[in-house]
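Reader: I'm new to reading protein models, and I'd like to learn how to look at holes inside one. Can we go through it together?

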Amino acid sequence: MLQPFSLLQRFSVKLPSTKTSLTRKTLRNMTLRVAGVVLISTGVSYFHVISNLEVQTKKQLEKYITERGQRESAIFKLAQDNLIFLQQQILEQIKQPSNRDFAAEFDRVHFRWSDGTVRNAPQAQPISAFDTAQYPTTYISRDSQMDATLKRVFMTGYNLVQAYGPAWSVRFPDTYFNTPQKNSVLYWKGVPLNLKGPPDFDLTKEEFFYIADPAHNPTRKPAWTGVYRDPNVNIWMVSAIVPVYDGDRFLGTTGHDIVLTDLMEQTIKNRLPGTYNLIFRGDGRLIAHPDYMDKIEQAQGQLKISSINDSHVQKIWQLAQNQTRSVIENSQNNEFLAIARLAGPDWYFVTVYPKSLLSGAAFDTARFVLAAGALALLVEVILLFSVLQQQVAKPLQNLTVASDQLTNGNFEINLDVTRQDELGRLANSFNSMASQLKTSFTQLEQANAELEQRVTERTTELQNTVKELHRTQAQMIQSEKMSALGQMVAGVAHEINNPINFIHGNLSYVTNYSQDLLELIQLYQEYLLSPPQEIEERLSEIDLDFLAEDLNKILQSMANGTGRVREIVLSLRNFSRLDEADCKIVDIHEGIDSTIMIVQHRLNATNERPEIIIIKDYDSLPQTECYAGELNQALMNVLANAIDALEASSTPIITIRTQAIDGAIIIAIADNGAGMTEAVRSRIFDPFFTTKPVGKGTGLGLFISYQIITQRHGGKLYCNSGVGEGSEFVIEIPLRQR
C-alpha cells in the first residue's frame, strides 16, 4: 500500500514561478477598461449635451424672435391703424351731407403769400409765433386751383389732422394729409414745416407721396418709404402712407413719420449674449447692422446688401427670403438664424446665433465628465488595490505556502477558514484534504464516492440554474422589447407633436384670415354694385357662397383631425412614460385610457368578429403612487389577453372597473369570452405557458405582469374564470409604495 506522502509526491505538480503579480495585472486590466469607459462616456456626453443644447436653443430662439418681432412690429402696426382710421374719417365726412361752408372756412384760415403760395399764417407774422402745438401748418401750391370741392376735401383733412395729430404725437412726430394738387396739411409739434417750405415745392415727386399714388400703388394698399434721415430734425425715419380714394377718385394720402433711432439702437445693443441682430428690407436695403452703421448713414438708408461685398450678409438675406420657419440653420456659416418679418414695411429682423456658443458649453461639460471620471478612476484603482491586496493576494500567498508544505510532506497545515467566501471555502477544503491524507489514505475511496455524489448534486443544481437563466433571459428580452417600444413610442410622439401643434395652432389664424378675406369680398360686393363682367363670370364659376360654407367645414374638419392626432400623441406619451422610471404619484385612469388608445386598432371590427365594446366603470380614485411605465405594461398585457379571448365572439365586450378600498386600488378587466378551465387558469401566470398557436405567443406576458404587480408594487394579480363565463383579471396595488 502506498503511503500518503509518496502518493502525494507522485501526483503533485510544482507551481510555476510567478513573475507578474496577479494584483497588478488585475489592476492594469481594470484601469484600461474603466479608462476606456470614461473616454467613451466623455464623448457620448459631449455629443448628447450639444444635441440637447441645439434643441433647447432653437426653442428659446423661436420664442425670443417671436416676441421680439411682435414688439418691434407694434409701432408700425399702430401707425398703419391710425392712418387707416384717418382715411376712413376723411371719407365718411366727405360723403355725409353738410351745411358747413368749407370754402369760407378755407378762406378764413389761409393767407396768400407774395411768392404765390397760400398758407395758414400771415406772411408778416414771425414763424416762431405760430402755435404748432395746437394747429397744423398748411401749404397750397401756387399752381393749385382750389374750387369748392377741393377746399372741402382739404379742410376736412385739415380739421381731422388738427383733431388727432396732437394725441398721436406722443408716438409719432407728425401726421399729415397731402393731395395730388401739391397741397399739404401737416401737424408737427414744434416744427412749422409748411411755413418754411420753398414756393416751388412739388410734394408729388417725393417718395412719401408717389409710392401711394395710382401709378405706383394700383392696389391702394398702405405703403412704406425707405429709411431716410430727416433734414429738419436730423433723425432716422420711415414714412407710413395710406392712399385715400372716393370711389375711383384719388383724393390724396395720409401719413405718419416714424422715428427709428430707438429701433436701430436697440437692434444693435439689445441682443442675446454672443449674438448680434440686423434688419433689412425685402428689396435688399440694409437698415441696421453692427458692422455697417457708418455705411448705412453715408448711403442715407439706401445701402444695398449686394453692394457691400459681404458673402455672409448676402447668405443671410437669401435664407431669410426663402424661410419657412422662424428659426433656420445656416450650415455654411455654422450658425442659427432667428427671423421675424415685421408687420408693415416688409422688413426682416434677424438674430444671428453662432453655434460656437453651444460647442463651448458642451466642451465644458465633457471636460468636467472627463475630470470626474479620471478622479473616480484613481479612487477606484486605490480602493481596488487595497481590496485585492488584503482579500486576495495575501490569502493566495498563504495558500501557495501551504501547497509547498503539502508537497514536501508536511501535513501540519492550519489555514484561516473563518472567511465566508470562496477563499475561505478553499482554505477549509485544503485543511480537510491535508487532514484526510494524514489520518488515513484508505478513506480515499469514500472521499471519491462523496465527490461523485457532490458532482451529481452540483450537476442537478447547474441544470436548474440553466433553466432559471433561460427563463430570466426570456423575461429580460421581453422587458427590453417593451422598453424599446416605449422609447420608440415616445420618439414618434415627440416628432409628431411638433408639426401637429404647429398645424393645429395655425388653423385658428387660417380661419380668421379666410373669414377676413370673405368679409372683404362681401364688402366689395356691397360697395361695387356693378363689378366688371370678368369678375361676375369668375364669381359665378367659383360659387362664392358654396366656397365660403365649404371652407368653414373643411377648416373645422382639419381642426378636429389635428385635435384627434394630438389626443393620440398625448396617449402615446402617457403610455411610454420614459421619464417616470421612478415611483411617482399618477392618475390611474389616465394610464388605463392611454393603454386603451395604444390597442385601439385591435378593438376595430374584423372578418371574424364585430367591434369590441369597452365599458368603463370608473370609481373616484385618489392619486396613486406607482411605477407608471411598468404598470402600463402590465395593463396592456392583461388587456391584450382579453382581446385575444374575444377573437371569435359575436358580441365582444370588455368591462374595466376601478375601485378604491382600504388603502388599495382595484382594477378589474373582464371579458365575455369563452373562459378557461381550472387546469388552464391555475397555470396562466407560469412562465412560457400559453394556449396560443406556435408563433403567436411566448407565454411571458401574464408572467411579467404578475412580477410587476406582486414584486414591484407589492400587490396582487389573480384571475376569476370558468368555461363559458368569460374571464376577469383583478389587479390590486396599495395607494402608497413602501
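Reader: Which residues lie nearest the centre of the largest cavity?

Author: A cavity is found on a 1 Å grid over the protein atoms alone, as a set of points where a 1.4 Å probe fits but cannot get out, and lining residues have an atom within 4 Å of a point. Here ten residues line the largest cavity, and V586, D587, G591, L631 and N632 lie nearest its centre. Before we go on: this is a predicted model, where local features need pLDDT of at least 70, side-chain atom pairs count only at pLDDT 80 or more, and totals for chains, interfaces and linings use all residues. Residues are numbered from 1 along each chain as its sequence is written, and side-chain values use heavy atoms, with hydrogens and water left out.

Reader: Which element gives the most to the lining of the largest cavity?

Author: Helices (H or I, at least four residues) and strands (E, at least two) are DSSP runs, numbered from the N terminus. Helix α17 (628–645) gives the most to that lining, with four residues.

Reader: And which residues line the second largest cavity?

Author: Its lining is made of I592, T595, I596, L635, L639, I656 and I669. The largest share, three residues, comes from α15.

Reader: Is α15 largely enclosed or open, and why?

Author: Buried means under 20% relative accessible area, exposed over 50%, and partly exposed in between (1.4 Å probe, protein chains only). Eight of the eleven residues of α15 (residues 588–598) are buried, so the helix is largely enclosed by the rest of the structure. Among the buried ones are G591, I592, T595 and I596.

Reader: What about strands: how many bridges join β19 to β21?

Author: Two strands pair if DSSP finds at least two bridges between them. Strand β19 (residues 664–671) is joined to β21 by eight bridges, and the two run antiparallel.

Reader: Why is β21 called largely enclosed?

Author: Six of the eight residues of β21 (residues 727–734) are buried, so the rest of the structure largely encloses this strand.

Terms used:
On a 1 Å grid over the protein atoms alone, a cavity is a set of points where a 1.4 Å probe fits but cannot get out, and a pocket is an open set with protein on both sides within 12 Å along at least five of seven lines; lining residues have an atom within 4 Å of a point.
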